[in-house]
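Please keep the sequence and the model in view while reading.

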Amino acid sequence: MSDGRRIDRVEGSAIPLRGANIDTDRVIPARFLKSVTFEGLGEHVFEDDRKSMTNHPFSDPCYRRASILLTNENFGSGSSREHAPQALMRWGLAACVGESFSEIFQANALVIGLPCATVDATDIEYLMRCAEQDANQRMVFCVSELTLQVLDRTISVAMPPAARLALINGSWDATGLLLNQFHEVRTVAARLPYVKAFR
Amino acid sequence: MAQTLLQKVWDLHTVRRLPTGQTQLFIGLHLIHEVTTPQAFDMLRARGAGVAFPERTYATVDHIVPTLDQRRPFADKMAEQMMASLERNCREFSIPLSDLTTDRQGIVHIIGPELGLTQPGMTIACGDSHTSTHGAFGVVAFGIGTSQVRDVLASQCLAIEPLKVRRICVTGALQRGVYAKDLILEIIRRLGVKGGVGYAYEYAGEVLDRMTMDERMTICNMSIEGGARVGYVNPDQTTFDYVQGRPFAPQGEAFDRACAWWTSIASDRDAVFDDEVVLKAEEIEPIVTWGINPGQSIGISERIPFPGDAEGTLAPVRTETTDVPLKLRSDDKHLPDTAFPKQQGERSSVHEALEFMGWTAGTPIAGTKIDVAFLGSCTNSRLSDLREAAHIVRGHKVSAHVRALVVPGSKGVRHAAEAEGLDEIFRQAGFEWRDAGCSLCLGMNPDRLEGREVCASSSNRNFKGRQGSPTGRTLLMSPAMVAAAAISGEVTDVRNLLA
């Protein structure tokens with residue numbers, strides 16, 4: 001049941017989005033969560049921020065073909081809405097590289113095959129400057145090697161080991177894996193006092 | 001070996017170690033609601049899968065429901081479609097649903113405990129980040145996204161990585177007029193909005209020991225605002241007394257057996273934590289957020305900070321001479337980054353927040369004029385919250401320029417409040433008395449801010465645009481402080497009204 005697509009290399013240009021604690025309400029405002037599908041979320045990504053800021057990178061046509069999102073600290077904090085990584089992916093992004101991510105965002109991104117890797121503050125500043133100076137600057141993010149190449153530099157990135165393995169093995173969509181040994185699930189349920197004994 | 005509650009519950013629910021190194025964790029209770037599930041059910045159908053344990057799944061409706069006119073079909077066609085989708089999915093997969101026609105409908109994190117579905121020692125998951133609320137019962141509860149909702153529907157399991165545990169011990173006693181909400185806002189302010197990443201927060205100490213379940217729920221609810229996906233309090237007699245007699249609670253002799261087991265899953269006295277923080281409760285005053293994340297808050301006697309103040313104001317826990325005793329046990333080299341955030345990004349964040357909110361740095365927060373007062377949300381819409389607020393409101397009128405509404409967290413809360421006459425106190429003061437739902441906490445239903453309105457809110461998030469107007473401004477505070485702001489028309493120290 002797993003998609004099985006192995007995700008290792010993401011190549012392309014990057015879009016720099018500066019600012020700490022950019023929450024998922026900002027990535028995709030709640031009014032867009034009223035749809036029963038994820039269709040069309042890409043066009044509304046950062047909609048309110050884009051309207052209120054004159055120079056939002058997601059409004060800049062130079063970055064329209066970017067594959068890698070560059071962010072600062074605690075990106076994706078707040079609401080657990082998967083709509084946030086869905087909107088970013090449907091906009092066209094294939095990876096996020098930032099100083100740090102909220103745990104729920106990172107988990108939601110992983111299960112739809114959107115890798116999130118962290119780099120230190122100095123490196124993210126360098127990467128953002130590269131992308132700001134040249135919107136077409138090509139970057140190569142390699143999940144298995146935990147590297148990001150830009151110009152003549154190879155920058156080390158970090159990912160939770162399980163996320164890295166799930167992406168390179170193609171097991172990031174966990175449903176199949178979780179159903180694999182279903183008898184063991186029943187065994188655990190049967191040993192939980194509150195499932196049977198407290199009735 | 002001595003263990004924490006998190007370790008005990010984790011081990012008991014572990015199905016196996018997955019090839020990725022993650023744990024396959026059994027979920028004892030899956031709570032679902034209308035917003036984060038339609039796509040999950042569609043994915044399930046597309047894969048030909050079913051719901052593995054419908055009897056361990058429970059649904060309600062809260063986010064999109066109008067709180068003024070709940071007649072069907074809803075005026076908002078998208079909301080109606082979303083509602084119909086949940087009804088159809090629950091029917092198709094035999095999942096119990098507390099919809100608007102029942103007396104058991106309400107905000108998912110209010111009804112779980114209220115119905116006795118939430119019980120100590122469980123793992124709980126729900127497609128909502130405030131699922132941490134259930135931790136108040138000694139539960140390990142995760143907020144998840146829609147694809148993970150699909151996983152839990154299909155397998156009753158999550159693929160997840162283990163968490164470290166930070167014990168947050170609160171000593172002494174809270175002053176009169178200082179509530180659980182102030183305490184959790186203070187914790188977030190000191191440890192930072194990402195301080196809890198990688199951790200479960202165990203809240204402990206004499207203050208937590210004395211707290212009611214309602215208060216513990218308020219604390220655990222906002223764990224996620226401090227970056228911690230999971231927050232919990234060890235179960236004790238207060239917990240057992242709350243659970244006893246509720247519709248889904250164990251009955252009779254089974255309840256006694258349950259209590260014995262619930263006692264056994266609490267953290268052992270000599271359990272070792274990855275990290276420990278101690279706070280003195282008496283030093284805390286009523287807290288109000290001034291900025292655009294829940295960590296940007298100050299005491300009611302303080303002034304809105306300057307961007308340059310950021311380091312000192314936001315991370316006092318780092319200073320050597322701090323009056324907050326602090327002990328760090330872990331030698332994990334990655335710990336300092338996440339545990340005691342350097343707040344590097346905070347300086348620019350303060351500037352951004354001041355600009356968005358339109359404040360002048362250095363102005364006292366007390367006296368800030370408000371336009372809307374909102375009593376509600378999964379953080380603070382329980383009976384005790386409404387009682388505290390009504391106590392302040394009684395005999396007063398809502399300030400002429402303020403729109404004020406009370407939205408009970410559940411039908412159960414609403415009925416109980418009406419039985420005590422709280423609705424009359426609020427109505428006579430000029431508050432609107434609404435039906436249960438998430439309401440003005442988030443912009444998904446007809447309740448929302450207009451334009452640049454400033455809202456004194458008992459909810460949990462002051463993010464830009466959170467309350468439905470992209471330029472609306474939210475000040476988070478306790479229900480009593482919201483009540484005080486409603487009647488005075490501006491941010492006010494509730495302790496003056498209690499004197």
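Two strands are said to pair if DSSP finds at least two bridges between them. The model discussed here is predicted. In chain B, strand S9 (residues 164–171) and strand S10 (residues 199–204) pair in the parallel sense, over six bridges. Within this pairing, B:Cys169 stands opposite B:Ala204 of S10(B).

How many of the six residues of S10(B) are buried? Six of the six are buried, so the strand is largely enclosed by the rest of the structure. In a regular strand, the side chains alternate between the two faces of the sheet. In S10(B), B:Tyr199, B:Tyr201 and B:Tyr203 point one way, while B:Ala200, B:Glu202 and B:Ala204 point the other way, and all are buried.

A helix of chain B may be considered next. In helix H15 (residues 411–419), the residues B:Lys411, B:Val413, B:Arg414 and B:Ala417 are buried. These residues lie on the same side of H15(B), because they cover an arc of only 160° around the axis. An α-helix has 3.6 residues a turn, so residues three or four places apart point the same way. The buried residues of H15(B) pack against H4, helix H14 (383–393), helix H16 (422–429) and strand S18 (432–433) of chain B. At the start of H15(B), a side-chain oxygen of B:Ser410 comes to within 3.3 Å of the backbone nitrogen of B:Gly412. The helix is followed by B:Gly421, whose phi is positive, near 80°.

B:Gln105 lies in the loop between S5 and helix H4 (108–114) of chain B. Is B:Gln105 buried or exposed? Its relative accessibility is 0%, and therefore B:Gln105 counts as buried. The side chain of B:Gln105 reaches the backbone oxygen of B:Val61 at 2.9 Å.

Aromatic rings form the next topic. A search of the whole structure finds 19 aromatic pairs over all chains. One of them is formed by A:Phe46 and A:Phe58, a tilted pair with 4.8 Å centre to centre and 45° between the planes. This pair links distant parts of the chain: A:Phe46 belongs to the loop between helix H1 (24–27) and helix H2 (47–52) of chain A, and A:Phe58 to the loop between H2 and strand S3 (68–71) of chain A, twelve residues apart. A:Phe46 counts as buried because its relative accessibility is 0%. A:Phe58 likewise counts as buried, because its relative accessibility is 2%.

In chain B, B:Phe41 and B:Phe93 form a stacked aromatic pair, with 5.5 Å centre to centre and 25° between the planes. Here, too, distant parts of the chain are linked: B:Phe41 is in helix H2 (residues 38–46) of chain B, and B:Phe93 is in the loop between helix H3 (77–92) and strand S5 (97–98) of chain B, 52 residues apart. Both B:Phe41 and B:Phe93 are buried.

One aromatic cluster is formed by A:Tyr194, A:Phe198, B:Phe240, B:Phe255, B:Trp261 and B:Trp262. Rings also occur with charged side chains. In chain A, the charged end of A:Arg64 sits over the ring of A:Trp91, 4.3 Å from its centre. In chain B, the charged end of B:Arg246 sits over the ring of B:Tyr242, 3.8 Å from its centre.

How values were computed: Residues numbered from 1 in each chain as written. Chains lettered and ligands numbered in written order. Predicted model: local features only at pLDDT ≥ 70, side-chain atom pairs only at ≥ 80, totals over all residues. Heavy atoms only, no water. Phe/Tyr/Trp six-rings, centres within 6.5 Å; stacked < 30°, edge-to-face > 60°. Helix = DSSP H or I, 4+ residues; strand = E, 2+ residues; numbered from the N terminus. Buried < 20%, exposed > 50% of the residue type's maximum accessible area, 1.4 Å probe, protein only. Lys NZ or Arg CZ within 6 Å of the ring centre and 35° of its normal. Polar contact = N/O pair within 3.5 Å; in protein donor to acceptor, adjacent residues only side chain to side chain. Arc of directions from axis to C-beta. Contact = heavy atoms within 4.5 Å.
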